[in-house]
Amino acid sequence: MSYQALYRKYRPLDFDSVVGQDAIVKTLKNQIVSGNISHAYLFSGTHGTGKTTVAKIFARAVNCPNELDGNPCNECDVCKAAMDDADYNILELDAASNGNVEKVRQITESMQYAPINGEKYKVYIIDEAHALTGFSKEAFLKSLEEPPEYVIYILATTDPNKLPETILSRCQKYNFRRINIETIVACLKTICDKEDISIDDDALYFVSEKSNGSMRDAISMLDRCRSYTKDKLTRDNIVDILGIVDDDVFAELLNYVNENKVEMACDIVARAIDNGKDIDKFTSDFIWYIRNVLISQNITKPIESLNITKVSFDKMKKESAKVAKETLIYYIEELSKALSVMRYDENRRVILETTLIRLANPETNYTESSVLARIKELENIKSSHTYVKVDDDQDKTSRKSIDEKANDEIMELSLNKLTYDEINLVIESWDTIKSPLNLVVKQALARADLIPGSEKEPGVVQVLLPTTYYDILRGQIEIIENNLSTKTREVLEREVVYKIIDKSKTKYAEKITFRLEDYNDKIQGITIGVEDD
């Protein structure tokens, strides 16, 4: 006998063997037992979740003379004929390849004749029903409206939204869920025991995770790997055989992009291509990985929508702490755009590498998403430090920055009163000082008043923002202050602390009497003022 694929060999033959769809199975069995059978069913869900399998079991069960508790016996002539595809009362149509109007008309004509061989029903299973053409849908609707009492239609589809509402409303709808990892692992272990396949648990969980809830895909992957070695199959074996990119690779790529390590990021892409990975699939899988990291950032335990193992979830949770939510969203948006372009362009590698370089250097992009991502990254940098005031003497105020990751590295900031020459330097160098900031912040600062070195806070430069801009930047105030101080340190070679204030809510707003008119033109509309004693 010729070799039979594992997914066909272990396809369930009765409802009790179907896994992961308990509610659907129970409902259909009860209908068969009670005789309350509808004339049309719609089975929808992702591929490999059991839609066609359940349809075939149902088709046998409704005609089986020895039906027991809703299950077909699979021993009688009716069941055997159906399993051998020789039952003329069960007609299967693959709409993806035979969905034209002529085929539908053949169904319409054949349903006029009653079932043969003494069977109760004629069952029409239409797979990939969404692929029916426009005219064939109209022709099918006519037969669906008032079919003979002995006709049952079962429509299986992965995309029910492509079917007209007139068809959907005439069907009982059943949504087949993705099968969870634990259920797939248990099924694969049973098959491995029967087939004498040696495989470790880590590899089984990896296959189950990568099947994305499809039992058929999981069994097919296991089938491809079984002949690789006589020794025990491992996770590394599975990765090599199936050409799957491990999540550890995507974790590295995400970190390299986030840390602006362009060369290393491009090296991962080069290795993926050398190993025969499809660029489109690689990009799509990377987007999906980032999506999982984003979701794991906001939950405390694995959920069904992730469909990953606890080990993978813990890794993603750890990675999610390194990248801001806004940054992850920005990455997903830009990579999705690149993927759309790649599908119509031959230079796929160039598009992916260019996109990764742009993501690693967000200053090259001034889109709203990019600006928000950059602001959030600066916030994360700021939040990783704790600032504590230190009493020195009456003429000096000090701060020390304690890095949470290296508490022994302490930097004291001497905040002497700014001299007039230093005020001039701040004013003259203002464009340079604010240069690292994004476009939105620059626009806000262009409408700010500066008060350098007041008597009460001699080392602090007050930045008075109009209320509108202050409200826009409220969540990033500390980051902007820190960034201005860092750049000023480079220019003046001394520490300057910036304090951004809502102009309408400070007493200084009414007390600016002296303005450095000479510098107004140089700073492009920024008004510099000092406090009136």
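Student: Among contacts in the protein chain between residues at least 6 apart in sequence, what percentage join residues at least 24 apart?
Tutor: That would be 69%. Keep in mind that this is a predicted model.

Student: Okay. How many helices and strands does the protein chain have?
Tutor: There are 24 helices and 13 strands.

Student: And how much of the chain counts as buried?
Tutor: Of its 533 residues, 47% do. The chain exposes about 27700 Å², and 47% of that area is supplied by carbon and sulfur atoms.

Student: Let's look at the strands. What is the order of the five strands in the open sheet?
Tutor: Reading across, the order is E2-E3-E4-E1-E5, with parallel pairing. E2 (90-94) and E5 are the edge strands, each pairing on one side only. From one strand to the next, the twist averages 15°.

Student: Which helices pack on that sheet?
Tutor: Helix H2 (residues 22-34) packs on the sheet and touches E1 and E5, with its direction at about 150° to that of E5. H7 packs on the sheet too, touching E1, E3 and E4, and its direction makes about 140° with that of E4.

Student: What does E1 pair with?
Tutor: Five bridges join E1 to E4, running parallel. E1 also pairs in the parallel sense with E5 (residues 172-175), over four bridges.

Student: Is E1 enclosed or open?
Tutor: Five of the five residues of E1 are buried, so the strand is largely enclosed by the rest of the structure.

Student: And which residues are on which side?
Tutor: Ala40, Leu42 and Ser44 are on one side, while Tyr41 and Phe43 are on the other. Side chains in a regular strand alternate between the two faces of the sheet. In E1 both faces are covered.

Student: Back to H7. How far apart are its end C-alpha atoms?
Tutor: They are 17 Å apart. At 1.5 Å a residue, the twelve residues of H7 (134-145) should span 16 Å, so the two values agree.

Student: Which H7 residues are buried, and what do they pack against?
Tutor: The buried ones are Ser136, Lys137, Ala139, Phe140, Leu141, Ser143 and Leu144. They pack against strands E1 (40-44), E3 (122-127) and E4 (151-157), plus helices H6 (101-110) and H8 (165-168).

Student: New topic: the largest nonpolar core. Which residues have the most contacts inside it?
Tutor: Leu254 and Phe282 do, in a core of 38 residues. H13, H14, H15, H16 (310-320), H17 (325-342) and H18 each supply at least two residues of this core.

Student: What does Phe282 contact, leaving aside its neighbours within four places in sequence?
Tutor: Its contacts are Val245, Phe250, Leu253, Ile268, Val269, Ala272 and Leu352. There is also a second, separate core of 24 residues, including Val18, Val25, Ala61 and Ile90.

Student: Now H14. Which of its residues are buried?
Tutor: Ala265, Cys266, Ile268, Val269, Ala270 and Ala272 are. Their cover includes H13 (247-258), H15 (279-296) and H18 (348-360).

Student: What happens just after H14?
Tutor: Gly276 takes a positive phi there, about 85°.

Terms used:
Residues are numbered from 1 along each chain as its sequence is written. This is a predicted model: local features need pLDDT of at least 70, side-chain atom pairs count only at pLDDT 80 or more; totals for chains, interfaces and linings use all residues. Side-chain values use heavy atoms; hydrogens and water are left out. The expected span of a helix is 1.5 Å times one less than its number of residues. Buried means under 20% relative accessible area, exposed over 50%, partly exposed in between (1.4 Å probe, protein chains only). Contact means heavy atoms within 4.5 Å. Accessible areas come from the Shrake-Rupley method with a 1.4 Å probe; for residues, only the protein chains shown count as cover. Two strands pair if DSSP finds at least two bridges between them. A nonpolar core is a set of buried Ala, Val, Leu, Ile, Met, Phe, Trp, Tyr and Cys residues joined through side-chain atoms within 4.5 Å. Axes are lines fitted to C-alpha atoms, for helices over the stretch in contact, and angles run from 0 to 180 degrees between N-to-C directions.
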